[in-house]
Amino acid sequence: MIESMNLVILIASILVVVAVFTSLVSFRVGAPLLLVFLFVGLGAGEDGIGGIMFDNAPLAYFIGSIALALILFDSGFETQFRTLKIAAGPSLVLATFGVLITTGVIGGVTWLVLDVPWLVALLFGAIVSSTDAAAVFFLLRVGGINLRDRTRSTLEVESGSNDPMAVFLTISLVELIILGGGDNIALELLQRFVLQIGLGGVFGLAGGYALVWMINRVKLEPGLVPIITMALALSLFGATSILGGSGFMAVYVAGLYAGNSKMQMSVGVRRFQHVTTWLAQIAMFVTLGLLATPSEFGAVIIPGVILALVLVFIARPVAVWLCLMFFNFSRNDTAFISWVGLRGAVSILLAIVPMVEGVPEGQLLFNTAFIVVITSLLLQGWTIRKVANWLGIIVPAKHGPVDRIDLELPGNANQEIVVYRVHEASAVATGHRIPRWARPSLILRDGASLRPHSAGHIQAGDQVYIITPPRHVELLDQLFAGPAEGANDIELFGDFSFPADTRIADIARLYGFALEDGDAELTVAEIMDRDLPGDLELGDRMPYGTVELIVRRTDDEHGLLEVGLAVEQQKAKPKRRIPIFQSRSELLEIWKDWQKRKRAEKNAALRDSKSTPAKQIDEEGTKVSDDQIEDATEDSASEPDQSETDASAASDKKA
């Protein structure tokens, strides 16, 4: 018995080591890291070189559920209220109605492809309906893809909040299948939804409040605070699930509340959670890979790939378009959000539920879901950066690389110690004055501790210790970080720069371009806010006369701080405009144009019928004489052309 336990420990630790080291290959070749973890499990399984026999589906579901709960708690903890405020509407619609639409579309195709009962087909649609939070967070945060705040926030909040919806649908449909369905399935699902999601949200808020209160009131050893936080999160998950609510929703909401509250030791908790989240991802993906039997995939590989392609190219785009239509996202942003719909460990985890509960088609659904996940990670995970570049939605970073360590002052949630290693090309190292509120408390140079008044000018390579409120950390990053890629690119940001409150008339006098009517007293910020739709982002350009105004620097609320000016307008590469994903406003314009064309065609037909003299038959049925036709033609020629009159009137009205 002891030898068996030691063998399990040895194998598990070796698998973790192999998974970690294979991440180096992932970063080099650009492969999705979580796909690598999954292949490590497949390689160690019974059909791989490891030959490990693992077919304990309940244990795999148990491990996966704990891992997913930890991942969702960390996802909520890392999501700022500012991010939630930006993307609350679209992301929550995607997490609810988007999941339902995807479930319906994939359910219909599954019914045709797999030839299973329609309730089982809907179950498979629910299994693959949610995006994978771990995959999306990794690709966006670690992958270095810099997007507009609204697009990034929507993807992050959606990926963290749609898992509870998919779990609810999957478990509810499994129960309905086992019980033989019901008279009104839609009503039963609605009742279950209100109960589970409602209880999950309420218990999550209560649990988050209790967690923060306990950490702030009870004096614990600093090393124990992250452990008790993780234990309380898992306790909340278990208690909510036992009481009939959604435990996954509860831990996500609790993490969201705790991460945005003034909680002691939050820096240590956040650092510990990064470690546990990575371990949870590795454990979940490797375990699910071990559970799979690739030799059984041959029977479902074709329908699995078909369902994956339908999911990627039809179901997900349709769901995203219908959900985001009323939020006026650009077509390219909508297309990118639809592409970043990676399926991952959550779908495989949910595919275990039918097996555990004894659904006859459980093994078929599990194998098919595995094929869908692998196809999604290969197709979407490997091409996210390329698609973002192709759509032209990547924006310049606010600052370059920064070497920062966060420390926390004991017993004080309002201040923390930030340690920077000064970059040689940073603003501080190149001579910019440090603001009074950002002056360091200690400087380490060549191994010696120096006080700020005796250290002189800060030099590249210095380590500076600054005591600051957490809200100032992003501002400090801009002082001590290296330059962002393209930060001094004239083609990107223009030849000259001005403060945003500079009057456009003053710039026009300097560079000799004409002003538009009524703009003489306006600032460049007011003009760009007026003429550029949506939030301003770095690099946004706007032609004005013979020059171009360019967004050079913004604050956290997308307020304009600095404007670049290009004296010679660049012949800008036209932004790729895809022919689908029209927003509500664009659809209204299309409808209005169609109505206008129909009215124009009707009016033209009426004018033609009135102005065309032809051989006609009088009311008594006798033929009109040629002399009468000739007289009618002369009369119509002597009158002004009605179409010309209407066109002239319309032109005058438009003017």
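This is a predicted model: local features need pLDDT of at least 70, side-chain atom pairs count only at pLDDT 80 or more; totals for chains, interfaces and linings use all residues.
Local features were taken at pLDDT of at least 70 and side-chain atom pairs at pLDDT 80 or more, whereas totals for chains, interfaces and linings use all residues. Residues are numbered from 1 along each chain as its sequence is written, and side-chain values use heavy atoms, with hydrogens and water left out.

The chain contains 24 helices and nine strands; helices (H or I, at least four residues) and strands (E, at least two) are DSSP runs, numbered from the N terminus. Of the 655 residues, 45% are buried, where buried means under 20% relative accessible area, exposed over 50%, and partly exposed in between (1.4 Å probe, protein chains only). Among contacts (heavy atoms within 4.5 Å) with a separation of 6 or more, 72% are between residues 24 or more positions apart. The chain exposes about 33,200 Å², of which carbon and sulfur atoms supply 60%; accessible areas come from the Shrake-Rupley method with a 1.4 Å probe, and for residues only the protein chains shown count as cover.

Ser159 is located in helix α7 (residues 149-179) and is buried, its relative accessible area being 0%. A polar atom of the Ser159 side chain lies 2.9 Å from the backbone oxygen of Glu156. With neighbours within four places in sequence left aside, Ser159 is in contact with Thr131, Asp132, Ala133, Val136 and Phe137. Asn146, in the loop between α6 (133-142) and α7, is partly exposed at a relative accessible area of 24%. The C-alpha atoms of Asn146 and Val395 are 5.8 Å apart, although 249 residues separate the two in sequence.

A nonpolar surface patch of about 630 Å² consists of Tyr209, Trp213, Met214, Val218, Leu220, Leu224 and Ile227. Patches are made of residues with over 30% relative accessible area and no salt bridge, like charges being joined within 9 Å and nonpolar side chains (Val, Leu, Ile, Met, Phe, Trp, Tyr) within 5 Å. Helix α8 (residues 185-217) supplies the largest share of the nonpolar patch, three residues. Val218 lies in the loop between α8 and α9 (225-242) and is partly exposed, at 39%.

Strand β3 (residues 442-445) presents Ile443 and Arg445 on a covered face and Leu442 and Leu444 on an uncovered one. Strands count as paired if DSSP finds at least two bridges between them. Three bridges join β3 to the antiparallel strand β5 (residues 463-468), with Leu442 opposite Tyr465. Strand β4 (residues 448-450) also pairs with β3 in the antiparallel sense over three bridges, and Leu450 is the bridge partner of Ile443. β3 and β4 form a hairpin with two residues between them, and Asp446 in the turn has a positive phi of about 55°.

The whole structure holds 10 salt bridges, each defined as a side-chain nitrogen of Lys or Arg within 4 Å of a carboxyl oxygen of Asp or Glu. In one of them, the closest N and O atoms of Arg192 and Glu175 are 2.2 Å apart. This pair links helix α8 to helix α7 across 17 residues; Glu175 is partly exposed at 32% relative accessibility.

Key: A polar contact is a pair of N or O atoms within 3.5 Å; within protein, one must be able to donate a hydrogen and the other to accept it, and residues adjacent in sequence count only if both atoms are side-chain atoms.
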